[in-house]
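Have a go at each task before you read on.

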Amino acid sequence: MPRSLWDSRIREGDHIVAGERDDHGQPARARRRGQGELEALVLSALGDATTPVPVGWVQRRLGEDLSYSTIITILTRLHEKKAVTRTGPGRPVLWQSVAVDEADLTALSMRRLLDRQDNRDAVLSSFVSALSSDDEDLLRSLLNDAGPGSPAAPTAEPDE
């Protein structure tokens, strides 16, 4: 049975499942994916690329009913978050992942939020004080493992 344009269109994160109906005879809708899920899918596809790739490559790689414009929107959001890079004004525009997975994307978001704050000490202090003891131990271990001189290592306070 041929699928109509409506059946294959993604609308606000939902999409119609061709040929399937709900209990009321209406076209069945697939579970709505969150923005983070779509970003993770696109990042995963880009992570498989060995060189910068065009949007069509990402679209084919995902093998889903995501429209070209949906993927462009996701890539643009990821670019704003500095999770992907894009080539200059030439055509085609090529995309490459900076973030590898959702953990990298979350870390980028956390750094971006922190960079917007005037009082980093207060923000970090508040963040650390809200951690569970297990998370506090993990953070302490990660900072110790980073070693002196690494970007993640704590710096010694000057003697007063």
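**Exercise 1.** Find which residues touch the most other members of the largest nonpolar core, and which elements supply that core.

Solution. Val42, Leu46, Val58 and Leu78 touch the most other members among the 21 residues of the largest nonpolar core. A nonpolar core here is a set of buried Ala, Val, Leu, Ile, Met, Phe, Trp, Tyr and Cys residues joined through side-chain atoms within 4.5 Å; buried means under 20% relative accessible area, exposed over 50%, partly exposed in between (1.4 Å probe, protein chains only). Next, the elements: α2 (35-47), α3 (55-62), α4 (68-80) and α5 (102-115) each give two or more residues. Of these, α2 has the largest share, with five residues. Helices are DSSP runs (H or I, at least four residues), numbered from the N terminus.

Before going on, two notes on the source. This is a predicted model, in which local features need pLDDT of at least 70 and side-chain atom pairs count only at pLDDT 80 or more, while totals for chains, interfaces and linings use all residues. Residues are numbered from 1 along each chain as its sequence is written, and side-chain values use heavy atoms, leaving out hydrogens and water.

**Exercise 2.** Decide whether Glu39 is buried or exposed, and list its contacts.

Solution. Start with the location: Glu39 lies in helix α2. Its relative accessibility is 2%, so Glu39 counts as buried. Then look for contacts (heavy atoms within 4.5 Å). Leaving out residues up to four places away in sequence, Glu39 touches Ile74, Arg77, Leu78, Lys81 and Leu105.

**Exercise 3.** Describe how α3 and α4 cross, and what kinds of residues meet there.

Solution. The two axes come within 10 Å and cross at roughly 110 degrees, which makes α3 roughly perpendicular to α4. Axes are lines fitted to C-alpha atoms, for helices over the stretch in contact, with angles from 0 to 180 degrees between N-to-C directions; under 35 degrees counts as roughly parallel, over 145 as roughly antiparallel, 65 to 115 as roughly perpendicular and the rest as oblique. From α3, Val55, Gly56, Val58, Gln59 and Leu62 meet Tyr68, Ile71, Ile72 and Leu75 of α4. The tally is seven nonpolar, two polar and no charged (Ala, Val, Leu, Ile, Met, Phe, Trp, Tyr, Cys and Pro are nonpolar, Asp, Glu, Lys and Arg charged, the others, Gly among them, polar).

**Exercise 4.** Work out where pLDDT stays under 50 near the end of the numbering.

Solution. pLDDT is the predictor's confidence in each residue, from 0 to 100. Residues 153-160 stay under 50, and the model has five contacts for them beyond four places in sequence.
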